[in-house]
Amino acid sequence: MISIVFSVLLLITRVQPSHYKGGTITWKPVDPYTNASLVQVIISEKHSWTLSRFTCDQTLIDTLGYYDDIYIGGIFLSCLSSSASCSSSLFQNSTDRTFCTDFSQAVNISTGSLIIKQTLSRTTNILIGFTGLAWADVIIPTSGTLQGYWSVMTRIDLTKTYPINSSPVTGSLPIIRVIENRTAIIQIPAADWDVTNTLRCRWATSPGAAGNECDDICNNLIDANLSSTECTLTWYAVRRPIDITRSFLSSTYVAAIMVEDFIDSTSTVPLSSVPLQMLIFTYIPTPGACYSTPLITGDRPNRACIGVPINVTYTERIVATVYCAGDYIIEFITTSPLYMKKTAPARVSGTTNQWFITLTWTPIDDQKGPQVFCAAPIDQNELTGPQHCINYVVGYAAPNLIRPSLVQGTASPVGTVFSNHSIFSISATGGVYHPNRNGTYIQIFNQANPSTPVWQVDCGHSSDVIYTGQTVSFIVRNPNWIHGALYYILFDSGAASGNVFCAPESDPIYDPTFWTFNIWNPARSSTTTTTTTPFTTNTVITRPISTTTPLANLTTTGIIAVTSTTQTTTTTTTTTSTTESTTTTTTQSTALTTTEMNVISSQELITICHLPITIGTIIIILAIASIRLISLYILFTKLNNIYNPNHRLANARRQQFQKKITPI
């Protein structure tokens, strides 16, 4: 009886077997600057499961319905340090249920997330984690056991730094599908709210800095390389020998990775360690499948960093492209922040090879900081594209570019410009900086040929793009604008970026009406052509024709002024009853003349006026100095006469002398 009870308790503690598919745990203090003895900490966890065991659909996601194992119940998060450390930390083991955030029928997987708060001692330094039995049946543990235990661990240490450290944030799709005999390069999203920290990635070990970090699936992905500084996993995809022997067309591995933050680039002791465990699935495409996998091509680039305000609904579109005729997208595998909703795939209007989903998200205050979203498209042949991830920064607004509205408003130039114009500038809603990513372009298109830019610049590294305050300026060297052509300017996501966390990016500008300018055409401005067709009867006097030149101070450049006289054509037709007619035409015209309007630039004006202004200034200064010297001389002379003792004695003697010679 005791044995039966113990077995049941073990089953409950370890959760029902054959269904786990990886996860991650991160944490952060609510107030990193507190000096209180108790610290409130937000813990976020995300776990993936076999869909048939943890059932989920879009309705469950939209309504935040309960999401758990159909046999057992909620997720367990436990303190796994010594009893004394766990007790002094005040950590409470959690059995709270997760909320479903993602599911995929195509790959039989679902994912749930949970955010909890714990009040911990300022002296907390503990290991917490989620352990259980067993991995999904398609996974062969490294240990060779039949099912295999999982262990997803992190260390919470509130003692090392002030402000209190926050753990890194990482994430990935729960499963990444790669074609056999191709090299897979998988970028692991990793970010840290503590921007001065250094991030590194490593393989999970047992034991490691976070204790038993991987249990039975350590070193499960054979012959893979992991870049510590770039957090990039490179692997030549092969099936397991045992799967080949069994004639299986696929193999499923587990990549167990730890993301750690360090106080600087020279430190070897991590401030915290967070886990990321995900499935790597290699497969042979079905006959007839396209050689090129579908790709996410918009609206944001891979690894984009996007600022999102708290409690404000945010909408984003994810666009995928297929590259063989007749192919189409059936699903997007995703991993999403809690409370994010997604639409079903739909074809992009006006295209035959693009599909999209729309994301809608209203983040809450507890989600402040970095949040990761990843997606990959699957076509009707189950051909799967690479992972495409976006880092969202909750609680920070990106410096978005302001639509030009006036000639001398938020952008320059607008309207008509000279064909040699080369300097452009536009204002943003906040301070702007160079983007962290290369491949972020500003492009200029001729409206007559919108397929190819006539000029572009990479904002990530080019010195021709200058960021000052809230203004982005760029230089078009050796411009070759076409007279009379209309141009428009487009901006990639992140052409203007902030300076916190991962540098949140400005929204992309793909609207050809956002910022336009046209090139002055001297031929059109100085030539007037008029065609007048008279009526068949009566006398017609054509309307006077003239050309009008815009005032130079109302345009962005000077143009040629055109002067013309009135041209009048008089046609008189007389018709009689005998069908004879007499027509007399008199034409008077004067020659069309042009005069050049000499318009000088501001720099030329400064050069011309510099000498006379300098001479005039010197004359005025000398005149004022002379007047001041004369005034000072008169003042000091008067004061000397009044207060000089010698003068006063002389005056006294003079007065006495006058008294002596004056008769009484």
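This note goes through a predicted protein model point by point.

1. **Ground rules.** The model is predicted, so local features need pLDDT of at least 70 and side-chain atom pairs count only at pLDDT 80 or more, while totals for chains, interfaces and linings use all residues. Residues are numbered from 1 along each chain as its sequence is written, and side-chain values use heavy atoms, with hydrogens and water left out.

2. **Overall make-up.** The protein has 664 residues. Its secondary structure comes to seven helices and 40 strands. Both are DSSP runs, numbered from the N terminus: helices are H or I with at least four residues, strands are E with at least two.

3. **Burial and surface.** Buried residues make up 44% of the protein. Buried means under 20% relative accessible area, exposed means over 50%, and partly exposed lies in between (1.4 Å probe, protein chains only). The accessible surface is about 34,000 Å². Carbon and sulfur atoms hold 57% of that surface. These areas come from the Shrake-Rupley method with a 1.4 Å probe; for residues, only the protein chains shown count as cover.

4. **Contacts along the chain.** A contact means heavy atoms within 4.5 Å. Take the contacts with a separation of 6 or more: 72% of them join residues 24 or more positions apart.

5. **The cores.** A nonpolar core is a set of buried Ala, Val, Leu, Ile, Met, Phe, Trp, Tyr and Cys residues joined through side-chain atoms within 4.5 Å. The largest one has 80 residues. Which residues have the most contacts inside it? They are Ile43, Leu233, Trp235, Met278 and Ile280. Leaving aside neighbours within four places in sequence, Trp235 touches residues including Val178, Leu221, Tyr253 and Ile280. Its partners also include Arg182 and Asp223. Another core, of 30 residues, lies apart from the largest one. Val457, Tyr487, Phe491 and Phe517 are among its members.

6. **Cavities.** A cavity is a set of points, on a 1 Å grid over the protein atoms alone, where a 1.4 Å probe fits but cannot get out; lining residues have an atom within 4 Å of a point. Grid points are joined across faces, edges and corners, and a volume is the space filled by probe spheres set on the points. The count is three cavities of 30 Å³ or more.

7. **Lining of the largest cavity.** The lining has 16 residues. Gly23, Lys46, Ser48, Ser172 and Pro174 lie nearest the centre. Strands E1 (20-29), E2 (38-50) and E17 (272-283) each give two or more residues. E1 gives the largest share, four residues. By class, the lining has four nonpolar, 10 polar and two charged residues. Here Ala, Val, Leu, Ile, Met, Phe, Trp, Tyr, Cys and Pro count as nonpolar, Asp, Glu, Lys and Arg as charged, and the others, Gly among them, as polar.

8. **Backbone exceptions.** Most residues other than glycine have a negative phi, and most peptide bonds are trans. A cis bond joins Ser206 and Pro207, with omega about 0°. Pro207 sits in the loop between strands E13 (198-203) and E14 (225-226). The bond from Gly298 to Asp299 is also cis, with omega near 0°. Asp299 sits in the loop between E18 (295-298) and E19 (304-308).

9. **Positive phi.** Ser247 has a phi near 60°. It lies in the loop between helix H4 (241-245) and strand E16 (250-262). Ala503 has a positive phi of about 65°. It lies in the loop between E34 (486-491) and E35 (516-519). Are these two buried or exposed? Ser247 is exposed because its relative accessible area is 58%. Ala503 is buried because its value is 6%.

10. **A buried alanine.** Ala375 lies in strand E25 (residues 369-379). It counts as buried because its relative accessibility is 0%. Beyond its neighbours within four places in sequence, Ala375 contacts Leu173, Ile296, Ile333, Thr334, Pro386, Gln387 and His388. Ala375 and Ser336 are 39 residues apart in sequence and 8.6 Å apart in space, C-alpha to C-alpha.

11. **Two loop glutamates.** Glu180 lies in the loop between E10 (175-179) and E11 (183-187). At 13% relative accessibility, Glu180 counts as buried. Glu230 lies in the loop between E14 and E15 (232-236). At 48%, Glu230 counts as partly exposed.

Notes: On a 1 Å grid over the protein atoms alone, a cavity is a set of points where a 1.4 Å probe fits but cannot get out, and a pocket is an open set with protein on both sides within 12 Å along at least five of seven lines; lining residues have an atom within 4 Å of a point.
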